Amino acid sequence: MEFYQLGDIQTKSVSGNVHEAVFTPTGQQVAIKVLAKSTLDAADTEEVVLSKIDTMLKLDHPHFAKLLDWFEADDKYYLVFQLCTGKTLFDKIRDHGQLAEADASKYMQVTFAALSGYHPFWRLETQKAILKAMQDTEVDFDDRYWKDVSDQAKDFIRSCMCGDPEKRLTAEQALKHPWLSSK
């Protein structure tokens, strides 16, 4: 933490809090997620955590907050992300009411990555290839990354990314999904 000045907490979660922060040598504003090791599942060995971090470092997409740096203390991991400002995913969906399939795909990819730490179609390079993959495949939840994600969140992802457009949730239905509407 020598080069970072932590600011206010922006979001709280079971695994840790996200703070606004400043990288003091340059004055760059960043977001730092502080993960307490005590809150990690026993299956989250150091190898698994480092693998997740490595995956996040490789993600480079305009719709994802970039992991810029990370470091470890005795009892915590500190993940330094590009600071994102603006509306939340929920607000964007609510404001649009009805989304084009390409826009909805982008929002669901962001949600998927936020919950798991990796992009659902990380091997694909074009929006056209991603849309085709969404139509052809079922969502697979790798237990190494999804074991701590609730069944409701998984159902939301599965329902929104369903390959069959007739079964896929509309934006209005998505907003009423129990995962988004529960408190």
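Predicted model: local features only at pLDDT ≥ 70, side-chain atom pairs only at ≥ 80, totals over all residues.
The side chain of Lys37 meets that of Glu72 in a salt bridge, at 2.5 Å from N to O. Lys37 sits in the loop between strand 3 and helix 1, while Glu72 belongs to strand 4, so the pair ties together parts that are 35 residues apart in sequence. Glu72 has a relative accessibility of 35%, so this residue counts as partly exposed too.

## Other salt bridges

The count of salt bridges comes to five. One of them joins the side chains of Lys58 and Asp54, with 3.1 Å from N to O. Here both partners lie in helix 1, four residues apart, or about one turn of the helix. How exposed are the two ends? Lys58 counts as exposed at 63% relative accessibility, whereas Asp54 is partly exposed at 36%.

Arg144 and Asp142 make another salt bridge, and their closest N and O atoms are 2.5 Å apart. Arg144 has a relative accessible area of 48%, which makes it partly exposed. Asp142 is partly exposed as well, with 21%.

Helix 1 covers residues 46-58, 13 residues in total. From its first C-alpha to its last, the helix reaches 18 Å, close to the 18 Å expected at 1.5 Å a residue. Which residues of helix 1 are buried? They are Val49, Ile53 and Met56. Looking down the axis of helix 1, you'd find these buried residues within an arc of 60°, so they line one face of the helix.

What covers those buried residues includes strand 4 and strand 5. Turn to the other side of helix 1 and you get Glu47 and Lys58, both exposed. That's the Lys58 whose side chain meets Asp54 in a salt bridge.

## Strand 5 and its neighbours

Strand 5 takes in residues 76-82 and is mostly covered, with five of its seven residues buried. Strand 3 (residues 28-36) runs antiparallel to strand 5, and seven bridges join the two. Within strand 5, Lys76 is the residue that stands opposite Ala36.

Strand 4 (residues 67-72) also runs antiparallel to strand 5, this time with five bridges between them. Asp69 stands opposite Val80 of strand 5.

As a bit of background, nonpolar side chains tend to be buried together in soluble globular proteins. In this model, the largest nonpolar core has 17 residues, and the members that touch the most others are Phe112, Trp146, Ile157 and Met161. At least two residues of this core come from each of helix 3 (101-116), helix 4 (127-136), helix 5 (143-146) and helix 6 (151-160). Which helix gives the largest share? That would be helix 6, with four residues.

There's also a second, separate core, made up of nine residues. Among them are Ala31, Tyr77, Leu79 and Phe81.

Notes: Residues numbered from 1 in each chain as written. Heavy atoms only, no water. Core = buried A, V, L, I, M, F, W, Y, C linked by side-chain atoms within 4.5 Å. Buried < 20%, exposed > 50% of the residue type's maximum accessible area, 1.4 Å probe, protein only. Pairing = 2+ DSSP bridges. Expected span 1.5 Å × (residues − 1). Arc of directions from axis to C-beta. Contact = heavy atoms within 4.5 Å. Salt bridge = Lys/Arg side-chain N within 4 Å of Asp/Glu carboxyl O.
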